[in-house]
Amino acid sequence: MTTKFETGSVVTGKVTGIQPYGAFVALDEETQGLVHISEITHGFVKDVSEHLSVGDEVKVKVLSVDEAAGKISLSIRATEEAPATPQAKPAAAKKPRRQGQGSVKQANEETTPAGFNTLKDKLEEWIEQSEREDLIKK
């Protein structure tokens, strides 16, 4: 079944099915393999169907052949050149922390200015705070 496809070879196949975990690609009439979601493209893939559709012709590299299980692992991204700069992963939605959930309350919130401060300004402020008696923990 899979003896004609060797690990490392690059072949053209046709997408026959899409699942949340990847896409099935027919390499010939009786052989198909799986392109895992992580092997579709460089960068993050949230939804396989945003990148592939059933019937698409794709160039794939054979990553591994498991004769016993009859499975072939494929990669589309291995056939593409990696982008020059790494793609940024989408920022995860951050939940606001409630007081007491591991957040450290600043020593003196009232006098801390909001916004961006230079390191020089902050260093002077930290030195002043370290010398204040009311902020020194005993």
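Close-up 1. H36 belongs to strand β3, which spans residues 32-36; strands (E, at least two residues) and helices (H or I, at least four) are DSSP runs numbered from the N terminus. The model is predicted, so local features need pLDDT of at least 70 and side-chain atom pairs count only at pLDDT 80 or more, while totals for chains, interfaces and linings use all residues. Residues are numbered from 1 along each chain as its sequence is written, and side-chain values use heavy atoms, with hydrogens and water left out. With a relative accessible area of 38%, H36 is partly exposed; buried means under 20%, exposed over 50%, and partly exposed in between (1.4 Å probe, protein chains only). Not counting residues up to four places away in sequence, H36 touches Y21, G22 and L74, a contact being heavy atoms within 4.5 Å. The C-alpha atoms of H36 and S75 lie 7.3 Å apart in space, although these residues are 39 apart in sequence.

**Close-up 2. The salt bridge between K4 and D28.** The closest N and O atoms of K4 and D28 are 2.7 Å apart, forming a salt bridge (a side-chain nitrogen of Lys or Arg within 4 Å of a carboxyl oxygen of Asp or Glu). Because K4 lies in the segment before β1 (10-19) and D28 in the loop between β2 (22-26) and β3, the pair ties together parts that are 24 residues apart in sequence. D28 is buried, at 18% relative accessible area. The whole structure contains four salt bridges.

**Close-up 3. The salt bridge between E39 and R77.** The side chains of E39 and R77 meet at 3.3 Å, N to O, in a salt bridge. This pair links distant parts of the chain, 38 residues apart: E39 is in the loop between β3 and β4 (57-66), and R77 is in the loop between β5 (71-75) and α1. E39 counts as buried at 16% relative accessibility, whereas R77 is partly exposed at 30%.

**Close-up 4. Charged side chains of helix α1.** E125 and K122 form a salt bridge with an N to O distance of 3.4 Å. Both residues lie in helix α1, three residues apart, about one turn of the helix. At 16% relative accessibility, E125 counts as buried, and K122 is likewise buried at 16%. Salt bridges with shared partners join K4, D28 and E30 into one network. E124 is found in helix α1 (residues 119-131) and is partly exposed, with a relative accessible area of 42%.
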